[in-house]
Amino acid sequence: MTGHVFHPGHHELHGVTVVVDAGARTFVGRFDRVEEGMVQLLNVAVHDATATPREEFLRKSHTFGVRVDLKHLALPESEVRSLVPLSELTT
């Protein structure tokens with residue numbers, strides 16, 4: 001659905017489940033907005049590299065849904081290496 005915006009006037013990823021690569025950390029959550037240099041995510045799963053490989057974490061999040069570790073995450077844009085819809089990484 002390229003070009004489709006769930007809520008007109010918002011970022012094109014608003015409401016989309018995304019994967020955020022922040023270097024040593026990976027997050028999966030619902031994209032809310034970018035405000036004052038901070039990427040805002042809701043209902044966020046945090047990848048624990050000591051528990052599962054990243055690819056398995058993403059596959060499970062896609063197949064079974066996001067296991068919410070944090071209700072809200074504000075991450076500095078400068079720490080974000082990539083931000084893509086989960087569906088693009090797991091299809």
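## Threonine 26

Threonine 26 counts as buried because its relative accessibility is 4%; buried means under 20% relative accessible area, exposed over 50%, and partly exposed in between (1.4 Å probe, protein chains only). The model is predicted, so local features need pLDDT of at least 70 and side-chain atom pairs count only at pLDDT 80 or more, while totals for chains, interfaces and linings use all residues. Residues are numbered from 1 along each chain as its sequence is written, and side-chain values use heavy atoms, with hydrogens and water left out.

Threonine 26 belongs to strand β2 (residues 25-35). Helices (H or I, at least four residues) and strands (E, at least two) are DSSP runs, numbered from the N terminus. The side chains of threonine 26 and arginine 54 are joined by a polar contact of 3.2 Å. A polar contact is a pair of N or O atoms within 3.5 Å; within protein, one must be able to donate a hydrogen and the other to accept it, and residues adjacent in sequence count only if both atoms are side-chain atoms. Neighbours within four places in sequence aside, threonine 26 is in contact (heavy atoms within 4.5 Å) with Val19, Val20, Ala45, Val46, His47, Arg54, Phe57 and Leu58.

## Sheet and helix

The protein chain has two helices and five strands, in the sequence pattern β-β-β-α-β-β-α. The five strands form an open antiparallel sheet ordered β4-β3-β2-β1-β5; two strands pair if DSSP finds at least two bridges between them. Strands β4 (70-76) and β5 (82-85) stand at the edges with a single partner strand each, so one side of each has no neighbour in the sheet.

Seven bridges join β2 to the antiparallel strand β3 (residues 38-46). Arginine 30 has leucine 42 as its bridge partner in β3. Helix α1 (residues 54-64) packs on the sheet and touches β1 (17-22), β2 and β3, its direction making about 55 degrees with that of β2. Axes are lines fitted to C-alpha atoms, for helices over the stretch in contact, and angles run from 0 to 180 degrees between N-to-C directions.

## Nonpolar cores

A nonpolar core is a set of buried Ala, Val, Leu, Ile, Met, Phe, Trp, Tyr and Cys residues joined through side-chain atoms within 4.5 Å. The largest has twelve residues, including Val20, Phe27, Phe31, Leu41 and Leu75. Strands β1, β2, β3 and β4 each give it two or more residues. Another core, apart from this one, has six residues, among them Val28, Phe57, Leu58 and Leu86.
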